[in-house]
Amino acid sequence: MVPKFAQLFVSTLLLLTPLLSLADGRDIGVCYGLNGDNLPSPNEVINLYKRCQIDNIRIYQPYPEVLEALRGSGISVTIGPRNEDIASFATSQDAANDWVNTNIVPYADDILFRWITIGNEVIPGPLGSNVPAAINNIRNALASAGITLAKVTTVLPGTALATSYPPSAGAFGSDITETITGIAAILAQQDTPILINVYPYFAYSSDPSHISAQYAMFTSTAPVVVDGSFQYFNLFDAMVDAFNAALEKINFGNVKVAVAETGWPTAGNEPYTSVANAQTYNRNLLNHVMQNGTPRRPDYIMPTFFFEMFNEDLKGNVVEQNFGFFYPSMRPVYPFW
């Protein structure tokens with residue numbers, strides 16, 4: 001727990017400390033979810049992204065009204081199908097072709113599609129074994145349509161790792177190793193990262209007696225975990241490097257990792273959730289990933305998506321409803337962008 005006086009001090013300091021220049025070659029995006037009944041129109045949202053100089057957006061399914069708003073915006077788009085559609089893509093090239101021809105081809109002249117994510121946190125799970133074949137069939141569909149820049153990948157949760165501590169012990173669960181190996185082999189061919197969702201908040205809030213706020217929020221001034229030759233000052237790097245170590249164990253250490261979601265909620269589980277904590281984590285994370293790799297990959301500046309643009313009132317619980325940078329009114333929850 002961060003004492004109130006410390007939260008106020010950090011919050012005040014952050015307001016006085018400018019972000020790194022937004023033109024410093026950052027590879028930063030923000031997720032845009034639509035689980036709310038009071039959200040602004042897609043056109044208003046995309047204009048907000050542009051005003052905030054957010055160059056990358058992740059959307060969770062191909063909403064036509066969002067894609068229309070993105071035309072000509074210059075914003076790079078990461079998009080995926082619904083999880084329930086993956087099995088059909090795996091078993092039918094025609095189904096994959098139909099999805100690409102409906103949701104990508106009509107917009108491809110006006111939108112830069114960067115990554116197509118086949119599965120959001122479906123591994124481990126009953127749909128997971130479909131992902132390698134579905135990736136291949138969506139790749140084939142893109143190639144047939146002459147779309148060469150969009151790359152196809154998947155998004156893994158932390159639970160894909162059977163072991164994550166220390167980071168060098170990171171390993172995929174034995175029940176999914178074959179599936180992950182198949183995916184990694186495809187990604188290695190096209191030099192495409194595997195995407196992961198990384199949430200130090202959940203680790204910290206579930207075990208604050210063993211995980212400090214300083215380690216979770218990038219404020220530790222001394223290494224907290226020493227793992228062989230690697231020193232970890234923050235939990236985010238440790239969580240990412242556990243995935244890097246797991247990829248090395250299946251002989252695909254050459255496959256890079258990118259972060260599809262990370263963030264910190266402002267309400268719903270006090271004292272762990274607060275505006276001060278969210279601002280501290282997100283500001284420190286932004287400055288970190290714009291300048292630094294992880295101890296295991298020090299020279300790799302990792303693409304990172306923040307979760308998320310808006311508070312969404314139809315999410316399952318109060319914590320999940322309060323990850324947004326903005327209220328649905330488009331008023332900032334706290335100064336950031």
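Visitor: Which residues do ring pairs link into a cluster?
Guide: Rings of Phe, Tyr and Trp (its six-membered ring) pair if their centres lie within 6.5 Å. Such pairs join these residues into a cluster: Tyr199, Tyr201, Phe202, Tyr204, Phe218, Phe236, Trp264, Tyr272, Tyr281, Phe307 and Phe323.

Visitor: What kind of model is this?
Guide: Residues are numbered from 1 along each chain as its sequence is written, and side-chain values use heavy atoms, with hydrogens and water left out. Local features need pLDDT of at least 70, side-chain atom pairs count only at pLDDT 80 or more, and totals for chains, interfaces and linings use all residues, since the model is predicted.

Visitor: How many aromatic pairs does a search of the whole structure find, and is the pair of tyrosine 204 and tryptophan 264 stacked, edge-to-face or tilted?
Guide: The search of the whole structure gives 25 aromatic pairs. In the pair of tyrosine 204 and tryptophan 264, the ring centres are 5.9 Å apart and the planes stand at 35°. Planes under 30 degrees apart count as stacked, over 60 as edge-to-face and the rest as tilted, so this pair is tilted.

Visitor: How many residues apart are tyrosine 204 and tryptophan 264?
Guide: Helices (H or I, at least four residues) and strands (E, at least two) are DSSP runs, numbered from the N terminus. Tyrosine 204 belongs to helix 8 (residues 200–206), and tryptophan 264 to the loop between strand 11 (257–261) and helix 11 (275–291). The pair links distant parts of the chain, 60 residues apart.

Visitor: Are tyrosine 204 and tryptophan 264 buried or exposed?
Guide: Buried means under 20% relative accessible area, exposed over 50%, partly exposed in between (1.4 Å probe, protein chains only). Tyrosine 204 has 1% and tryptophan 264 has 0%, so both count as buried.

Visitor: What is the angle between the planes of phenylalanine 307 and phenylalanine 323?
Guide: These two rings form an edge-to-face pair, 5.4 Å centre to centre. Phenylalanine 307 is buried at 7% relative accessibility, and phenylalanine 323 is buried at 3%. The angle between their planes is 70°.

Visitor: Which ring has the charged end of lysine 256 over it?
Guide: A charge sits over a ring if NZ of Lys or CZ of Arg is within 6 Å of the ring centre and within 35 degrees of the ring normal. Arginine 114 lies over the face of tryptophan 115, at 4.1 Å from the ring centre. Lysine 256 sits 5.8 Å from the centre of its ring, that of tyrosine 300.

Visitor: Are helix 5 and helix 6 roughly parallel or oblique to each other?
Guide: Axes are lines fitted to C-alpha atoms, for helices over the stretch in contact (heavy atoms within 4.5 Å), and angles run from 0 to 180 degrees between N-to-C directions. The axes of helix 5 (residues 93–103) and helix 6 (residues 131–144) come within 8 Å and cross at roughly 55°. Angles under 35 degrees count as roughly parallel, over 145 as roughly antiparallel, 65 to 115 as roughly perpendicular and the rest as oblique. Helix 5 and helix 6 are therefore oblique.

Visitor: How are helix 6 and helix 7 oriented to each other?
Guide: The axes of helix 6 and helix 7 (residues 177–189) come within 8 Å and cross at roughly 25°. Helix 6 and helix 7 are therefore roughly parallel.

Visitor: How far apart in space are valine 319 and glycine 268?
Guide: Valine 319 lies in the segment after strand 12 and is buried at 11% relative accessibility. Valine 319 and glycine 268 are 51 residues apart in sequence, but their C-alpha to C-alpha distance is 4.5 Å.
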